[in-house]
Amino acid sequence: MRTEDVLAAIATGLWRWDNATGTVTLDAEAARLLGLPAEPVALTEAQVRSRFHPVDWNEIDGVVNLAVAEGTLAEARLRIMDTDGRVLRTVRSRSKPLIDGDDYELVGTLQEVAEPQPGTAAATPVTGDWRRSREAFLLDAGRALAEARSTAEVLRVAASLSMPGFSPDGLAVFGMAGDRLTIIGHHGHHPGDEGPFTEMSRDTDYPAAEVVRTGRAIYLPSPQEYRRRFPAAWRLAERFGRESWAFLPLIVAGRTMGAWMAAFKHPVAFTPDERSVLTTVARMLAQALARAGVAESERELSLGLQRSMMPVLGPAIPGMSIAARYVPTGGGLQVGGDWYDMIPLPGGGSRAGSRVALVIGDVQGHDVRAAGLMGQLRIAVRAYASEGHRPDAVLSRASRFLYGITDGTDGTDGFGGPRFATCLYLEVDPETGTIDIARAGHPDPAVRMADGTVVQRPTAGGLPLGIVPDTDYPTTRLTLEPGETLMMCTDGLLETGGHDLDSGWTRIRTLLESHDGGSLEALADSLVQAVHGPGSHHTTGPLADRREDDIAVLLLSRLGTPPRQAPRRSAMTVAQAEPERIAAARQHVRELLHDWTDQEQIDAAVLMVSEMVTNVLVHTDGDALLVAEATGEHGTRRLRVEVADASDELPHRRRPGEMASSGRGLLLMEMLAHAWGVDPRGEGKSIWFELYEDARGE
């Protein structure tokens, strides 16, 4: 008897699908099963497709593609529809792809099967709850793998996947290192079990090695099949007591980067649907591992860049303590333009009294180019300082240097145009505590005094570095007393979390005031944690957005025991060209008197300071030097404020008319101050007043 007659007797037909021509050839029994006359026929793909349920056709299309890719059988259940859309019967298709280059032919059988009984839909591979469970599983798996950010996280997600109906109890991920196969991670095995499978050659007679060589999956549904195909490797796998194994390639962008093993303690037939699930998971796993590898490489690059560009503070400064922190922004490669440095100055070394320079700065932007410019600028500043230049000359030369490397002849450097940098440069004499400061568009430093009072120290400054080639940077001198701490920071410490400079400074001042005066390292940690840690998300600033920026902070404290009643002293200069700093002078006095017992006296002091400084700027050609000092015990303190200028013309009392806009300065001091006066000096004069905290109401 002919083969066709034997197959027809058991309701089995033959069919051939030519992918190149789109022609499907059916024998008589196959045609009958499809609801056509029982005679051999050749149909187009569209004509055959019209005979299948649309959902099942989409299913078999994926099954066929999977079988072509793996060189395995394509199996599926298909519902045959009549012209009215009713289900005639259900058939089982089994076919083998015959591949010829990019084209293939499917040769197989169609066999009628009994309709599934009610309640058995979950076991059918084409329809029912199993398919819905599979789709839900793949969605959850894809989301979990997409959110993994490291190789370890990807492996943890892969180990936790619960596949519908056939979850593996053992997993292993193999990667390539040159021509060697190595285990990246595994689950469901004891520590050390991976030993025999690490560092294998690609030529090893092991399923994972063959998968990497060929790029095709291997399914081993039984121990007998494993032993038959890989007898050498079976001796190593036998002791784990598994019943079925699937080895799938991990392919990214057409390149096989490794293999994934899923092992089962129960027998698995690896139906087309099960193979489809495993293949989809393998693809998602490969993509997740590739993303994690790129992210880890970027993190390592950024950390290496930071380590190479951020200096290590040292040697120790005699008589002083120093601490620093740098936190990159959360985006991109996590590198940016903030930096700090400590530079021994000429004639220094480790001997006591050696001078050092401290510098903190911020190059515009927080990307790779900003980090590169920061490295160049840091080296330039270090070179100029090491030559012995004063702070103003160091910043002038640094500005010219940055302008030269970022501003080409056509107005751009080819990488997004010129950039600028802010900078704060300090020359420190540890023996006397004297600090000379030059500032280029950077936030002012702040001082925490021995009694816990925190004030910003306004300093004269110039334009940010790199804006114009020649810029002057005036120098401000202050003295750091024993027990006082100087804080320098970039604007990221102030503005991170939606704050502006004002609200950010209020937040930082509160932290500095609450410090117990102990470890400087602990203070540095608390500053960064408060603005960059989890708690910062609950204390956002007034701005609508949460602007994130790099953070650099540098703390300098002068060691020694302060006097029992250390005076609270501060000074600042208001230049003729900066009348807007009168407001800063008023705020400076308020901060100095933050715990003064009489609010009216604070208002009176602020009013008199404003009047005195304004008079200097209006009636002289020089700058105003403001010096304020509070001495004594709390509740009985004395405040003395002096404003000095270079003019020899002494002020005199006037009787301004009702509509006059000036002439009330001395009258205000006579009314509000407990004592006041004008002291001539060698060059210029000093106007002063005193307020006594215990004299309220007098």
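This is a predicted model: local features need pLDDT of at least 70, side-chain atom pairs count only at pLDDT 80 or more; totals for chains, interfaces and linings use all residues.

Entry 1: Rolling a probe the size of a water molecule over the atoms shows where empty space is left. I searched the whole structure and found 3 cavities of 30 Å³ or more. I picked the second largest cavity, which holds about 70 Å³ of space. Which residues line the second largest cavity? I listed W15, W17, L26, L34, V48, F52, W57, I60, L78 and L110. Then I looked up which elements they come from: β1 (12–18) and α4 (54–70) each give at least two residues to this lining. Sorting the lining by class, I got 10 nonpolar residues, no polar ones and no charged ones.

**Entry 2: the largest pocket.** Next I turned to the largest pocket, with about 690 Å³ of space. I found 29 residues in its lining, and P443, D444, Q456, L494 and L501 lie nearest the centre. At least two lining residues come from each of β15 (356–363), α13 (491–495), α14 (501–514) and α16 (581–592). How many residues of each class line the largest pocket? I noted 8 nonpolar, 11 polar and 10 charged.

**Entry 3: ring pairs.** A pair of aromatic rings is described by the distance of the centres and the angle of the planes. I found 9 aromatic pairs in the structure. For F174 and Y206, the ring centres are 5.9 Å apart and the planes meet at 65°, so I wrote down "edge-to-face", because that label takes planes over 60 degrees apart. This pair joins distant parts of the chain, 32 residues apart: F174 is in strand β7 (residues 170–177), and Y206 is in the loop between β9 (200–201) and α7 (207–214). Are they buried or exposed? F174 is buried at 2% relative accessibility, and Y206 is buried at 4%.

I then checked Y226 and W234, a tilted pair with 5.4 Å between centres and 50° between planes. Y226 has a relative accessible area of 1%, so I marked it as buried. W234 is buried too, at 8%. Ring pairs also link Y226, F230, W234 and W245 into a cluster.

**Entry 4: charges over rings.** Last, I looked for charged ends over rings. The charged end of R275 sits over the ring of Y219, 5.7 Å from the ring's centre. I also noted R640 over the face of W688, 4.3 Å from the ring centre.

Key. Residues are numbered from 1 along each chain as its sequence is written. Side-chain values use heavy atoms; hydrogens and water are left out. On a 1 Å grid over the protein atoms alone, a cavity is a set of points where a 1.4 Å probe fits but cannot get out, and a pocket is an open set with protein on both sides within 12 Å along at least five of seven lines; lining residues have an atom within 4 Å of a point. Grid points are joined across faces, edges and corners, and a volume is the space filled by probe spheres set on the points. Helices (H or I, at least four residues) and strands (E, at least two) are DSSP runs, numbered from the N terminus. Ala, Val, Leu, Ile, Met, Phe, Trp, Tyr, Cys and Pro count as nonpolar, Asp, Glu, Lys and Arg as charged, and the others, Gly among them, as polar. Rings of Phe, Tyr and Trp (its six-membered ring) pair if their centres lie within 6.5 Å; planes under 30 degrees apart count as stacked, over 60 as edge-to-face and the rest as tilted. Buried means under 20% relative accessible area, exposed over 50%, partly exposed in between (1.4 Å probe, protein chains only). A charge sits over a ring if NZ of Lys or CZ of Arg is within 6 Å of the ring centre and within 35 degrees of the ring normal.
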